[in-house]
Amino acid sequence: LLAAQTARVEAQKRASASVCIQAWIRRFLARRYVSRLRSLAELSSGLLRERQAAVTVQCAVRRRAAAREVQRRRQNLQLRAATRIQALWRGVLVRRAVWEYLRSQHEMVTVAAVKIQTMFRCWRQLRRKA
């Protein structure tokens, strides 16, 4: 039963794939046919020069738009990189400040502990003498 279902699914996949391939080939052939018809019509009507001029202008406009887009993306990338560097540096500064604060707190606690120990030892010593 499972083998039959698997075979049926595989057959459906193959059929679907063959339909896709056939549609792609038909589309390719139709486009090529239309392209050839257009080129023949353009040659016969003398519009080839105008079409070529329009293509040249369009190409220049698209090239300029693409160059602007590349420039914009490059600037955006540089801006993000600068922002990232600033954020990392701020993190370094904050971690350094926190470390300094914790170290000073630890030193204060250590000094306080030493004073308490000293006073306790003095008190214990005085108590033993008395």
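Modeller: Helices (H or I, at least four residues) and strands (E, at least two) are DSSP runs here, numbered from the N terminus. This is a predicted model, where local features need pLDDT of at least 70, side-chain atom pairs count only at pLDDT 80 or more, and totals for chains, interfaces and linings use all residues. Residues are numbered from 1 along each chain as its sequence is written, and side-chain values use heavy atoms, with hydrogens and water left out.

Colleague: OK, so how many helices and strands does the protein chain have?
Modeller: Two helices and zero strands.

Colleague: And what's the radius of gyration?
Modeller: It's 41 Å for the protein chain, whereas a compact globule of 130 residues would be near 14 Å. That radius is taken over C-alpha atoms, and the globule rule is 2.2 Å times the number of residues to the power 0.38. Along the principal axes, the C-alpha atoms fill a box of roughly 125 × 65 × 5 Å.

Colleague: What percentage of the residues count as buried?
Modeller: 2% of the 130. Buried means under 20% relative accessible area, exposed over 50%, and partly exposed in between (1.4 Å probe, protein chains only).

Colleague: Switching to charge: how many positive and negative side chains?
Modeller: 30 positive and 6 negative, and the centres of the two sets lie 8 Å apart. Lys and Arg count as positive, Asp and Glu as negative, while His and the chain ends are not counted. Each charge is placed at NZ of Lys, CZ of Arg, CG of Asp or CD of Glu.

Colleague: How many aromatic pairs?
Modeller: Two. The rule takes rings of Phe, Tyr and Trp (its six-membered ring) with centres within 6.5 Å; planes under 30 degrees apart are stacked, over 60 edge-to-face, and the rest tilted. Trp24 and Phe28 are stacked, at 5.8 Å centre to centre with 5° between the planes.

Colleague: Why are those two about one helical turn apart?
Modeller: Because they sit four residues apart in helix α1 (residues 2-45). Trp24 is exposed at 51% relative accessible area, while Phe28 is partly exposed at 41%.

Colleague: Which is the tilted pair?
Modeller: Phe120 and Trp123, with ring centres 5.9 Å apart and planes at 35°. Both lie in helix α2 (residues 48-129), three residues apart. Phe120 is partly exposed at 43%, and so is Trp123 at 47%.
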